[in-house]
Amino acid sequence: MDSFVELYRASNALEAHALKGALEQQGVMVRLLGEALAGGTGELPVDSQEVGLLVQRRHLEKANAVLEQYHQSQAPWQCPSCGEQNDGHFETCWRCGGVPQK
Ligand SMILES: [Zn+2]
C-alpha cells in the first residue's frame, strides 16, 4: 500500500471535511489526522482543532491541484443580481439566492 503523506493542515474539522469531499470526488483517497472521531492513530496531541489531511504519495500532485482549486473557490464573490458580497463557501447568494457568474 502506498504511504500517506500530509497534504495540508486544515484549521478546523469543517474545512477538513469539505476538502476531503472535494478530493474524494477526484478519486483521491483521504485520511484525516488529529480529528477526535478519527481515533486510534495516537500520533498527534489533541490540544488542537487542526486536522491534517493525508493523501497517498502518488496522488499528491493531483491533490495539490484540487486543493488550489478549492481555495480559489473560497474567494469572496459578488452577487450579480443584488450586488451582495458573499463568502466563497456560499454556492448561492445568502440574500437573494443568486448564483455567481463564472
Ligand atoms: Zn444576491
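**Notebook: a zinc site, salt bridges and a sheet**

I looked up Cys 93 and found a relative accessibility of 3%, so Cys 93 counts as buried (buried is under 20% relative accessible area, exposed over 50%, partly exposed in between, with a 1.4 Å probe and protein chains only). I note that this is a predicted model, in which local features need pLDDT of at least 70 and side-chain atom pairs pLDDT 80 or more, while totals for chains, interfaces and linings use all residues. Residues are numbered from 1 along each chain as its sequence is written, and side-chain values use heavy atoms, without hydrogens and water.

**Zinc ion**

Which residues coordinate the zinc ion? I found the SG atoms of Cys 79, Cys 82, Cys 93 and Cys 96, at 2.3 to 2.4 Å. A donor here is an N, O or S atom within 2.8 Å of the metal (3.2 Å for Na, K and Ca), and a site may look incomplete, as water is not among the atoms. Along the sequence, I read the spacing of the donor residues as C-x2-C-x10-C-x2-C.

I then checked the angles: the four donor atoms subtend 104 to 116° around the zinc ion, so the arrangement is tetrahedral (four donors count as tetrahedral if all angles lie between 85 and 135 degrees). For comparison, I wrote down that the ideal angle for four tetrahedral donors is 109.5 degrees. Cys 96 has 42% relative accessibility and therefore counts as partly exposed, whereas Cys 93 is buried.

**Salt bridges**

I counted four salt bridges, taking a salt bridge as a side-chain nitrogen of Lys or Arg within 4 Å of a carboxyl oxygen of Asp or Glu. One of them joins Arg 9 to Glu 6, at 2.7 Å from N to O. Arg 9 is partly exposed at 33%, and Glu 6 is partly exposed at 40%.

Another joins Glu 50 to Arg 9 at 3.9 Å, N to O. Glu 50 sits in the loop between strand 2 (30–33) and strand 3 (51–56), and Arg 9 sits in strand 1 (residues 4–10), so this pair links distant parts of the chain, 41 residues apart. Strands (E, at least two residues) and helices (H or I, at least four) are DSSP runs, numbered from the N terminus.

Glu 84 and Arg 95 also form a salt bridge, with their closest N and O atoms 2.7 Å apart. Glu 84 is in the loop between strand 4 (77–78) and strand 5 (85–86) and Arg 95 in the segment after strand 5, so the pair ties together parts 11 residues apart in sequence. Arg 95 is exposed, at 55% relative accessibility. I also found that shared partners join Glu 6, Arg 9 and Glu 50 into one network.

**Sheet**

In what order do the three strands of the open sheet stand? I read 1-3-2, with antiparallel pairing; two strands pair if DSSP finds at least two bridges between them. Strand 1 and strand 2 are at the edges with a single partner strand each, so one side of each has no neighbour in the sheet.

Strand 1 pairs with strand 3 over six bridges, and Phe 4 has Gln 56 as its bridge partner there. Strand 2 pairs with strand 3 over four bridges, and Arg 31 stands opposite Leu 54.

Terms used
Four donors count as tetrahedral if all angles lie between 85 and 135 degrees; four count as square planar and six as octahedral if opposite donors are over 155 degrees apart and all others between 65 and 115; anything else is irregular.
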